[in-house]
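Please work through the following exercises slowly, with the sequence and the model beside you. Each task is followed by a solution in steps.

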Amino acid sequence: MEFAPAKINLALHITGRRADGYHLLESLAVFTRFGDRIELGPDEQDSLTVSGTYAPGVPADETNLVLKARDALRAAAPGMATPPVAIRLEKNLPMASGIGGGSSDAAATLRALVRFWNLDIGHDALLRIGAALGADLPMCLAARPLVARGAGEDLSTVDGFPPLGLVLVNPGVGIATPAVFAALSQRENASLPPLPRHFDFHTIRNWLETTRNDLEGPAQSIEPSVGAARAALERAGAGFARMSGSGATCFGLFETGNVAKRAAAAIRSRHPGWFVAATRSTPSGDAHGQA
């Protein structure tokens with residue numbers, strides 16, 4: 001069993017655009033104890049089965065990142081034994097929601113297949129395979145508190161980062177990432193400020209107040225319910241609330257896990273059709289999170 005945690009962009013600054021069209025970014029990201037699961041087993045032919053709340057939205061064709069990850073790893077291991085594999089995906093994260101679900105699933109698949117096939121492939125090679133599949137893959141392969149720069153491939157892990165009490169809220173909508181970037185009017189924005197010297201709930205919250213998610217405005221112009229999700233978190237007492245990634249999922253920071261659970265229950269009662277999850281982020285040194 002391999003865990004595929006949700007990725008939360010606590011801050012996301014768009015700082016430019018490369019000649020090949022990729023946007024340059026700087027982001028502080030963490031990963032949570034809530035996410036999807038990947039399980040592998042032997043089979044006579046390759047297969048993928050999907051279960052979980054959001055299984056109906058998962059494509060079963062070659063556009064699925066899990067299948068792309070399997071095929072890319074097999075292609076990168078010529079001469080090594082890569083027999084057919086049955087992949088089982090438990091899909092608990094909503095689709096197209098700004099929390100890296102598909103990328104995290106693909107990263108978990110890569111990690112699990114390296115063990116399942118007993119492949120002699122180093123971490124750097126795995127990063128290159130991941131980066132070719134999507135900008136979020138290198139982050140999701142690391143799955144620990146980090147700062148991502150460039151197009152998402154330049155990673156710096158953040159030491160001493162504590163677990164954070166989080167509530168994730170999605171108002172039941174998906175937003176296509178290309179549409180959000182297309183709605184971005186300003187692509188040359190200021191970089192992230194220096195990180196605090198010491199991390200705790202208060203220093204992190206205060207630092208976040210000096211940062212942005214440059215995609216939140218464009219996403220809200222496409223889907224106004226992003227603002228409703230953030231407002232629900234603030235109403236429930238979040239110390240800080242913001243949209244993650246390209247949306248529409250928003251996160252709220254809470255000082256303890258119990259406070260986060262109570263806030264999630266209050267939001268769920270007011271908005272029974274929304275995705276709402278109370279969770280914690282994994283601290284530095286706890287790679288890949290856990291269920």
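Two strands pair if DSSP finds at least two bridges between them, where strands (E, at least two residues) and helices (H or I, at least four) are DSSP runs numbered from the N terminus. This is a predicted model, in which local features need pLDDT of at least 70 and side-chain atom pairs count only at pLDDT 80 or more, while totals for chains, interfaces and linings use all residues. Residues are numbered from 1 along each chain as its sequence is written, and side-chain values use heavy atoms, with hydrogens and water left out.

**Exercise 1.** Determine how S4 pairs with S3 and with S2.

Solution. Begin with S3 (residues 47-51), which runs parallel to S4 and is joined to it by five bridges; here Ser51 stands opposite Glu90 in S4. Then turn to S2 (residues 23-42), which pairs with S4 (residues 85-90) in the antiparallel sense over six bridges, and note that Leu40 stands opposite Ile87 in S4.

**Exercise 2.** Find the handedness of the β-α-β unit made by S3, H1 and S4.

Solution. A crossover is right-handed if, with the strands pointing away from the viewer, the path from the first strand over the helix to the second runs clockwise. The unit that S3, helix H1 (residues 65-75) and S4 make is left-handed.

**Exercise 3.** Explain why Cys250 is in no disulfide (a pair of cysteine sulfur atoms within 2.5 Å).

Solution. A search of the whole structure finds zero disulfides. The closest cysteine sulfur to that of Cys250 belongs to Cys140 and is 19 Å away, which is too far for a bond. Next consider accessibility, where buried means under 20% relative accessible area, exposed over 50%, and partly exposed in between (1.4 Å probe, protein chains only): Cys250 is buried at 0%, and Cys140 is buried at 1%.

Note on methods
A disulfide is a pair of cysteine sulfur atoms within 2.5 Å.
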